Amino acid sequence: PGKTFVSRRLAYALIGEKDDDRVEMVQLHQSYSYEDFIRGYRPTSDGGFRLQNGVFFRFCERASKDTENDYVFIIDEINRGNLSKIFGELMMLIEPDKRGSEYAMQLPNRREGEDPFGEAFYVPDNLHLLGMMNTADRSLAMVDYALRRRFAFVEMEPRFESNEFQSYLRHQGAEEDLIERIVSRLASLNEDITADSSLGEGFRIGHSYFCPSDDETPSEAWYQKVVTREIEPLLKEYWFDNKKTAQSHLQALKA
């Protein structure tokens with residue numbers, strides 16, 4: 001399972017049950033804006049503009065009306081957007097000691113007498129924020145330091161050598177020889193990726209590549225397909241300036 005799968009399970013653990021009505025997920029990108037996230041004027045079908053609440057504002061509204069239950073907001077690819085622009089007032093309001101109506105702030109755009117929060121906006125105490133990011137994407141800036149201080153970070157490690165991963169493959173019908181090859185070869189590859197000064201730990205191959213779907217039996221043909229279609233392009237990109245190294249690793253995987 002990858003980070004998206006784990007984030008959902010963590011969200012269910014935080015709220016105490018599997019209830020998708022109390023879990024919301026968005027994925028940031030370079031065009032995502034404050035207007036999408038909090039509030040702003042959006043175009044209408046008749047060619048005009050209307051003040052609309054963003055996805056996080058609406059989720060906070062739902063959580064504030066149900067204080068007996070916990071809510072979880074998941075932000076995928078949190079380092080892909082312009083966070084200072086997207087978050088705005090949230091840079092303060094998401095701090096653990098700045099939650100609740102006591103720290104409510106006036107938004108730049110407001111509708112007189114219509115705001116569900118009254119005259120100002122706040123993040124309810126019962127709302128949890130989970131952010132996910134891929135540190136291997138060099139084209140993106142790392143998380144803003146101001147925002148970094150507001151999150152606790154947990155790194156997800158490849159789990160090829162874990163009993164859970166190997167048991168999952170057995171349950172899916174994989175032979176012991178195939179399991180041993182996947183574990184040993186990917187572990188060896190990840191050691192070399194970690195040792196490469198131009199790559200490092202953040203570029204290691206994750207075990208989710210080798211988690212077949214429920215209707216798929218992990219066989220030799222399946223393994224070769226994963227290596228050829230998913231791992232090979234990745235390794236050629238990693239060592240685009242050293243084709244011999246990439247080919248050496250691919251030969252070891254395919255043998």
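Visitor: How do the axes of helix H8 and helix H9 cross, and which residues meet there?

Guide: A caution before the details: this is a predicted model. Helix H8 covers residues 176-195, and helix H9 covers residues 220-238. Their axes come within 13 Å. They cross at roughly 5°. Angles under 35 degrees count as roughly parallel. H8 and H9 are therefore roughly parallel to each other.

Now the residues. From H8, the contacts involve Leu178, Arg181, Ile182, Arg185, Leu189 and Ile193. From H9, they involve Glu220, Trp222, Tyr223, Gln224, Leu235 and Tyr238.

The side chains of Arg181 and Glu220 meet in a salt bridge, at 2.5 Å from N to O. This pair links distant parts of the chain: Arg181 belongs to helix H8 and Glu220 to helix H9, 39 residues apart. The two partners differ in cover. Arg181 has a relative accessible area of 11%, so it is buried. Glu220 has 35%, so it is partly exposed. The cut-off for buried is under 20%.

Other salt bridges lie elsewhere. A search of the whole structure finds 18 salt bridges.

Another of them joins the side chains of Arg8 and Asp20, at 3.3 Å from N to O. This pair also links distant parts of the chain. Arg8 lies in helix H1, while Asp20 lies in the loop between H1 and strand S1 (23-27), twelve residues apart. Arg8 counts as partly exposed because its relative accessibility is 23%. Asp20 counts as partly exposed too, at 42%.

Asp20 also touches Tyr12. Tyr12 sits in helix H1, residues 3-15. Its relative accessibility is 11%, so Tyr12 counts as buried. Beyond its neighbours within four places in sequence, Tyr12 is in contact with Glu17, Lys18, Asp19, Asp20 and Val23. Val72 is 60 residues from Tyr12 along the chain, yet their C-alpha atoms are separated by 8.4 Å.

Next comes Glu77. This residue is in the loop between strand S4 (71-76) and helix H4 (83-87). Its side chain meets that of Arg80 in a salt bridge, at 3.4 Å from N to O. Glu77 counts as buried because its relative accessibility is 13%. Arg80, at 27%, is partly exposed. Leaving out residues up to four places away in sequence, Glu77 touches Lys3, Gln27, Leu28, Met132 and Asn134.

The surface has a nonpolar side as well. Phe5, Val6 and Met156 make a nonpolar patch of about 250 Å². Met156 is in the loop between helix H6 (145-148) and helix H7 (163-171). At 42% relative accessibility, Met156 counts as partly exposed.

Finally, the whole chain. There are ten helices and five strands. The C-alpha atoms fill a box of roughly 70 × 40 × 40 Å along the principal axes. Of 255 residues, 41% count as buried. The accessible surface comes to about 14300 Å², with 47% belonging to carbon and sulfur atoms. Take the contacts between residues at least 6 apart in sequence: 66% of them join residues at least 24 apart. The Arg181 and Glu220 pair, 39 residues apart, links distant parts of the chain.

Key. Residues are numbered from 1 along each chain as its sequence is written. This is a predicted model: local features need pLDDT of at least 70, side-chain atom pairs count only at pLDDT 80 or more; totals for chains, interfaces and linings use all residues. Side-chain values use heavy atoms; hydrogens and water are left out. Patches are made of residues with over 30% relative accessible area and no salt bridge: like charges are joined within 9 Å, nonpolar side chains (Val, Leu, Ile, Met, Phe, Trp, Tyr) within 5 Å. Accessible areas come from the Shrake-Rupley method with a 1.4 Å probe; for residues, only the protein chains shown count as cover. A salt bridge is a side-chain nitrogen of Lys or Arg within 4 Å of a carboxyl oxygen of Asp or Glu. Helices (H or I, at least four residues) and strands (E, at least two) are DSSP runs, numbered from the N terminus. Buried means under 20% relative accessible area, exposed over 50%, partly exposed in between (1.4 Å probe, protein chains only). Axes are lines fitted to C-alpha atoms, for helices over the stretch in contact, and angles run from 0 to 180 degrees between N-to-C directions. Angles under 35 degrees count as roughly parallel, over 145 as roughly antiparallel, 65 to 115 as roughly perpendicular and the rest as oblique. Contact means heavy atoms within 4.5 Å.
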